[in-house]
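Have a look at the structure first, then we'll go through it topic by topic.

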Amino acid sequence: MINCKINLQSRFGLPTFKNNKYQWTDGSHLSILDNPYISSTLFHNIDRWICIIRLNPSSIKDHPPLNTLNHSILSEIYKEFALLDSEGILLELVFGNNGNALRIIASNEGSIPIYFCQNSNTIYFNWDFKEITTKRRSLILDYEYLIKSTFEPTYSNRTAFQGISMLTAGSTCTFSRESCEYKYPAPELSLSREMEQIDTDEATDLFCSLLRNKTDFQLGQTNKIALELSGGLDSSTVAVTCALSCLSPKLNTYGILVSDPSLVKSQLKRRCTIINHIDASDYTVKIEDHLPILSSPASDKYYLNSEAYGAAFESIWHRAAADEQHIILNGCGGDELFPQFLEEDFSADRLRSIDDHSWKLYNQLLINRLTPKTQDILGSHLLPCAPQKIVDTGMLLAMARRAPLLLSHNLLPLYPFRDNNIIRFCSTLPSNLRVNKTLLSNFLKKNTQSSVFTNYPKETFMHADKIALLTQKTSILKNYNTFKIIEIGLIEKNIFKRDIEQLSVKTPRYVLDYLLNILAIERFLKAYL
């Protein structure tokens with residue numbers, strides 16, 4: 001959403017504003033994505049300026065780009081931003097005789113990440129991790145963080161370089177010439193205890209009302225809506241709710257057809273049910289047309305778990321941009337609201353298809369193939385090279401990985417499930433309505449008058465990557481000696497080679513997952529070393 005360079009030693013005057021860019025005479029600048037649903041306002045006086053960038057669903061500018069700042073409105077600016085329910089960023093620069101101080105605050109929405117780094121007296125902010133990698137002070141790869149963030153995956157992006165940090169929802173970062181300080185939001189969302197009893201239809205109606213309130217707010221006066229539609233319960237619920245929320249919008253759905261032939265028929269039936277119900281125009285791609293070359297650099301696809309899905313998503317997002325879409329909604333967050341089983345651990349999101357038994361086998365297999373040095377790092381406490389993360393369901397940092405890719409197409413991602421009222425409500429539901437997303441299947445059956453969303457076979461998003469792995473065995477072995485993972489001593493060379501040589505259609509799933517994870521690191525290293 002922003003690209004910013006600020007010099008803390010300069011004495012700032014009034015900037016120029018042209019083509020969505022604030023420009024100062026010393027070369028400092030603040031660029032905002034040119035999207036009709038993003039507005040920016042800069043308040044200034046002789047000793048400070050404050051810039052607020054926000055997502056505005058109504059596509060109406062609240063203020064002109066440049067405004068005079070006086071102390072009587074200062075508290076109102078802070079208060080208005082604190083109550084902001086949409087995506088937003090506040091930057092404040094205070095001028096002083098001994099240097100300037102810069103503060104950046106992320107709104108409580110927090111689904112678009114802000115990466116930042118400091119190089120001498122210059123501060124850089126950017127929503128695109130790839131763009132900011134060239135601005136860091138140290139060009140040495142942080143192996144410790146790489147290993148930790150790969151083998152203990154969390155709902156945050158793989159921030160794998162020294163000196164680059166990510167600002168989480170509600171967090172504040174303050175820079176001065178001498179220091180950089182973080183302030184974090186309240187520890188966790190206060191969740192109520194489980195309801196003792198509630199009727200299924202009543203719970204469904206309450207959930208629908210909360211979700212409609214969220215989509216009404218997010219969409220505002222939008223008359224053209226893009227929806228990611230897989231045909232699963234999460235994205236289908238969002239699509240139906242959007243149709244209920246809007247008076248006469250033009251709905252466009254975009255989807256990816258799975259690679260497993262035994263599941264395609266079910267997916268097509270569910271997608272067609274929703275598309276016909278909401279009267280949408282549809283565009284789909286086949287994931288098998290986007291299989292990755294696993295021995296090549298990963299470019300910017302490292303943001304997503306599945307290499308194949310990364311390329312397929314790029315394709316549908318490119319089409320959405322060509323269709324002149326500016327916002328796109330999806331069902332991210334449904335797995336957190338409605339776990340597949342009680343006490344589900346969301347830290348291992350890249351391996352969600354693995355059952356408990358396979359997960360233990362995967363861990364043991366992985367440990368046996370890491371070098372002693374890597375095993376030591378994995379068993380140690382991670383040194384802080386990024387700000388503290390909040391991983392409760394209220395933050396849903398999985399979205400951070402997708403946002404830069406969407407924004408590169410000038411598409412603003414909207415996540416209706418990412419709402420504190422919805423999170424609180426779902427946390428109180430009896431387990432029989434939460435587990436297996438019973439509430440969502442009931443919602444869809446009630447609205448579409450169809451039973452296709454009950455007990456359907458679930459797709460695994462890594463299936464296409466496994467096809468690529470099995471079909472590219474020869475090329476992987478051919479390029480094996482050039483692998484960066486071997487060069488830096490990440491894994492045991494001979495054992496990994498043996499694993500590749502023994503690949504076959506009978507190879508267990510957890511072994512395929514291990515190999516894909518390792519090869520994803522290899523592609524990442526090739527692209528950025």
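This is a predicted model: local features need pLDDT of at least 70, side-chain atom pairs count only at pLDDT 80 or more; totals for chains, interfaces and linings use all residues.

- Strands β5 (residues 38-44) and β6 (residues 48-55) run antiparallel, with seven bridges joining them.
- Both belong to an open sheet of seven strands with mixed pairing, and the order reads β7-β5-β6-β8-β9-β13-β14.
- At the edges sit β7 (66-68) and β14 (180-183), each pairing on one side only.
- From one strand to the next, the twist averages 15°.

**The helix on the sheet**
- Helix α1 (residues 71-82) packs on this sheet and touches β5, β6, β7, β8 (88-94) and β9 (101-106).
- The direction of α1 makes about 30° with that of β6.

**The α4/α12 pair**
- Helix α4 (residues 200-219) packs with helix α12 (residues 420-428) at an angle of about 165°, and their axes are 9 Å apart.
- Because angles over 145 degrees count that way, α4 is roughly antiparallel to α12.
- The crossing of α4 past α12 is left-handed.
- On the α4 side, the contact brings in Ala203, Leu206, Phe207, Leu210, Leu211 and Lys214; these meet Asn421, Ile422, Phe425 and Cys426 in α12.
- Sorted by type, the residues of the α4 contact with α12 come out as eight nonpolar, one polar and one charged.

Note on methods
Residues are numbered from 1 along each chain as its sequence is written. Side-chain values use heavy atoms; hydrogens and water are left out. Two strands pair if DSSP finds at least two bridges between them. Helices (H or I, at least four residues) and strands (E, at least two) are DSSP runs, numbered from the N terminus. Axes are lines fitted to C-alpha atoms, for helices over the stretch in contact, and angles run from 0 to 180 degrees between N-to-C directions. Contact means heavy atoms within 4.5 Å. Angles under 35 degrees count as roughly parallel, over 145 as roughly antiparallel, 65 to 115 as roughly perpendicular and the rest as oblique. A crossing is left-handed if the near helix is turned anticlockwise from the far one by less than a right angle, and right-handed if clockwise. Ala, Val, Leu, Ile, Met, Phe, Trp, Tyr, Cys and Pro count as nonpolar, Asp, Glu, Lys and Arg as charged, and the others, Gly among them, as polar.
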